[in-house]
Amino acid sequence: MGNIKKKAVPLSIFYLKYLFFTLAGILAVVAGIFIIFEVMVVNNLVYPANYAQEQAKAAKEEIALAETFSSELIPSLCKYVLFDKYGNVKEGNLYRSGLPDAWEAVNNSLGGKQGSQGSLFGKQYYYTVVKCREGYCVMAYNLVPQYKQPLMRKYLLSPQNMLVVCAVSFILLVVVLVSVCFGRALKKKLTPLIYAAGKIQSQELGFTVMPSDIKEIGDVLNAIDNMRAALKESLESQWKSEQAQKEQILALAHDLKTPLTVVRGNAELLYDTGLTKEQEELAGYIGKSSLQMQDYVQKLLDITKYGYKLKLKEVPARSLLESITEQAEGLCAARNISFQKSFNCNVQYFMADKEELMRAFLNIFSNATEYTPEGSTIYFETYIEDNLIIFKTTDTGRGFSEEALKHAKKQFYMDDKSRNSKKHSGIGLYMADLVIKQHNGELVLGNSGRTGGAEVVVKIPYIS
């Protein structure tokens, strides 16, 4: 990036260069039009603007001396009208609307005024008055260039209008061409910016920022290079942190295997000590739960090493609810908590990974029992709403704080303000949310207005 500002010019200079090209092109067009007009005049293709006036002057004496007036005496570029001495029209090809101006020109000439003019169809006409034997002949003409050929005068725009149209067309062409060139040049100047933005978007942060010879673009590139370096450092730090976190999870999961094996072995030994029926049931919960926990630890190891993948298939809804209830009742019994369920749905099947979904609900119930006082109640409801099956778990603990409602689904978050147990690691609701999202569902946290405790709602689409 050290050479980005080398030989850099301000953007204003870059713009002025193309403005200069535009002005030069316009001047060239105007000069070209004048040259073309002069060539046409020199080659007698176009009469000069005063040609009709000179013709009228040349014909004036001949008309005045003629024994009999004839239209053949009128120059080709002039129109005429012949008045008698009382102002009556005897003949002529001048437009009727121009007759008042023509007669006024006669009166002006009698009053000693030199030259007359008038307007006809938006054009400025000039008049030459000749006193002849029949009365007064008035010749009308324009002081504008005219084509030599009658057909061209009849069907084409006047030379000056034609040249104006051509000039405007070529000037527009010059502006368009310069604009296109300016756009292409500016796009080329912006290439380093586009390249840098694309690399940052794809998170390829090891690239070298290309230089620019435009000062302002160079300044932006310098800022982008600084941002690239800072972002690269931040991502590397984040990666190292994630690797350390992954190693901690692996170590924790591995360390859990040993105590779980001990718990399971001791639970099996309890059967040989003459247990009561209730004790056998509790020992069964311990053995079954330790097996599940061993499976979860192994899955945690696999997920941390290889990533997270679900195996979705059709799962009977009734079987899923029975399994969830069995888990919840076991957790509640171990903590002397009452469990109440309410099922109000007739769903037949889910597309789900049953084992992973059970794991998600186990985390939810484990979280609920941890914060529910002994002797209290946890409520579990299921019902249908908007093509979703709703699972609502409500405890009677302190509920979520405002901060927890925003962050409780994040990994390793622990809400010390309202749910202050130190016995969990802050991954239960995070893992549950992860599993539910993989099922195209949603996990919603809230507080119950009925119990004042936490309320966890799971919404999952179902097969009708």
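Me: Gladly, let me begin with two helices: which residues of α5 meet which residues of α6?
Reply: K189, L190, P192, L193, A196 and I200 in α5 meet I217, V220, L221, I224, M227, R228 and L231 in α6. A contact here means heavy atoms within 4.5 Å. Before we go on, this is a predicted model, where local features need pLDDT of at least 70 and side-chain atom pairs count only at pLDDT 80 or more, while totals for chains, interfaces and linings use all residues. Residues are numbered from 1 along each chain as its sequence is written, and side-chain values use heavy atoms, with hydrogens and water left out.

Me: What makes something a helix or a strand, and how many are there in the chain?
Reply: Both are DSSP runs numbered from the N terminus: helices are H or I with at least four residues, strands are E with at least two. The chain comes to 11 helices and 14 strands.

Me: Are α5 and α6 called roughly parallel or roughly antiparallel, and why?
Reply: Their angle is about 15 degrees, with the axes 10 Å apart. Axes are lines fitted to C-alpha atoms, for helices over the stretch in contact, and angles run from 0 to 180 degrees between N-to-C directions. Angles under 35 degrees count as roughly parallel, over 145 as roughly antiparallel, 65 to 115 as roughly perpendicular and the rest as oblique. So α5 and α6 are roughly parallel.

Me: And what about α1 and α5?
Reply: Helix α1 (residues 11-42) and helix α5 (residues 159-201) pack at about 155 degrees, with axes 9 Å apart. That pair is therefore roughly antiparallel. The residues of their contact divide into 21 nonpolar, 2 polar and 1 charged. Ala, Val, Leu, Ile, Met, Phe, Trp, Tyr, Cys and Pro count as nonpolar, Asp, Glu, Lys and Arg as charged, and the others, Gly among them, as polar.

Me: How do you know which class R359 and N44 belong to?
Reply: R359, which lies in helix α9, has 5% relative accessibility and so counts as buried. N44, in the loop between α1 and β1 (46-47), has a relative accessible area of 48% and is therefore partly exposed.

Me: What makes the phi of N44 worth a look?
Reply: N44 has a positive phi of about 55 degrees although it is not a glycine. Most residues other than glycine have a negative phi. N336 also has a positive phi, near 60 degrees.

Me: What makes a group of residues a nonpolar core?
Reply: A nonpolar core is a set of buried Ala, Val, Leu, Ile, Met, Phe, Trp, Tyr and Cys residues joined through side-chain atoms within 4.5 Å. The largest one has 37 residues, and F350, F361, I364 and F391 have the most contacts inside it. Its largest share, 7 residues, comes from α9. Apart from it lies another core of 22 residues, including L163 and V174.

Methods
Buried means under 20% relative accessible area, exposed over 50%, partly exposed in between (1.4 Å probe, protein chains only).
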